Amino acid sequence: MVKYKEDYYKLFHVHYQQYPDDVMENIYWLEQAVKADFCNPLYAPCKINSQDEWEKYRYLFMMHVNLKLIEQHLRLGRTYDKKSVNFYDAPWKDLYIENLEKTLSCYQAGLYYWQEAKLWAEKAGTKKFRFMNLQDIQYWEDERERINTGSLDYEKILNREIERVQKNIEGFKNMDESIYLP
């Protein structure tokens, strides 16, 4: 029975070649993980010895899930993304605009999850947890440190992509049939 955050997180998986349905399935499982309760510390994916470790684990888990949601939204957005506007795309401009709007909504959703990830990373990085390291989830600890130092900044990446997509949408909207036809 799937009941706890950790159970839903186990259902998240990355395929060798991810189709939009696979990505949407992963987003669903990760969003369910965000909503669910945590399992008993005995069944956590890392060894928990104290209440403080349990608290830090929960913060790191929520941060990590939000980062995975950002990655999945970026991957889904890339499915519909048209990287450049070319004059010969004029006959299909309405379709491209529709797809770019899907891309834009995916990237904008990623910004919400970035704010959440930063919040959880900040909580996991407080003075109380400074010298506490959960060895079994070192990768999550590394993600937290990268967020706190600024070397991992999805906001910068997402804003750059949003700006580019908005310019492409405008480029298609300003395009007319005379560009393509002689």
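I began with the term helix: helices are DSSP runs of H or I with at least four residues, strands are runs of E with at least two, and both are numbered from the N terminus. With that settled, I located V165 in helix α6.

**Entry 1. The model.** I noted that this is a predicted model, in which local features need pLDDT of at least 70, side-chain atom pairs count only at pLDDT 80 or more, and totals for chains, interfaces and linings use all residues. Residues are numbered from 1 along each chain as its sequence is written, and side-chain values use heavy atoms, with hydrogens and water left out.

**Entry 2. V165.** I then listed what V165 touches, not counting residues up to four places away in sequence: D81, L100, T103, L104 and Y107. Contact here means heavy atoms within 4.5 Å. I also looked up V165 and S84, which are 81 residues apart in sequence and 8.9 Å apart in space, C-alpha to C-alpha.

**Entry 3. α3 against α4.** I turned to helix α3 (residues 51-80) and helix α4 (residues 93-124), whose axes come within 8 Å and cross at roughly 165°. Axes are lines fitted to C-alpha atoms, for helices over the stretch in contact, and angles run from 0 to 180 degrees between N-to-C directions. The angle makes α3 roughly antiparallel to α4. I recorded the scale for such words: under 35 degrees is roughly parallel, over 145 roughly antiparallel, 65 to 115 roughly perpendicular, and the rest oblique. α3 passes α4 in a left-handed crossing; a crossing is left-handed if the near helix is turned anticlockwise from the far one by less than a right angle, and right-handed if clockwise. I found that the residues of the contact of α3 with α4 divide into 20 nonpolar, six polar and five charged. In this scheme Ala, Val, Leu, Ile, Met, Phe, Trp, Tyr, Cys and Pro count as nonpolar, Asp, Glu, Lys and Arg as charged, and the others, Gly among them, as polar.

Entry 4. G77 lies in helix α3 and counts as buried, at 0% relative accessibility. Leaving aside its neighbours within four places in sequence, G77 is in contact with T103, C106 and Y107. The C-alpha atoms of G77 and N99, 22 residues apart along the chain, are separated by 9.0 Å. D94 is found in helix α4 and is exposed, with a relative accessible area of 56%. I noted that D94 and K173 are 79 residues apart in sequence but 8.3 Å apart in space, C-alpha to C-alpha.

Entry 5. By class, the contact of α2 with α3 has eleven nonpolar, four polar and three charged residues.

How do the axes of α3 and α5 cross? They come within 10 Å and cross at roughly 75°, so α3 and α5 are roughly perpendicular to each other. Among the residues that meet are Y57 and L67 in α3 and W140 and I147 in α5. I found eight nonpolar, one polar and four charged residues in the contact of α3 with α5.

**Entry 6. The core.** In soluble globular proteins, nonpolar side chains tend to be buried together. I looked up the largest nonpolar core, which has 46 residues; Y57, M63, L67, I70 and Y154 have the most contacts inside it. A nonpolar core is a set of buried Ala, Val, Leu, Ile, Met, Phe, Trp, Tyr and Cys residues joined through side-chain atoms within 4.5 Å. The elements giving two or more residues to this core are α2 (20-35), α3, α4, α5 (138-149) and α6 (154-173). The largest share, 13 residues, comes from α3.

Y154 lies in helix α6 and is buried, with a relative accessible area of 12%. Leaving aside neighbours within four places in sequence, Y154 is in contact with L67, I70, E71, L74 and W114.

Note on methods
Buried < 20%, exposed > 50% of the residue type's maximum accessible area, 1.4 Å probe, protein only.
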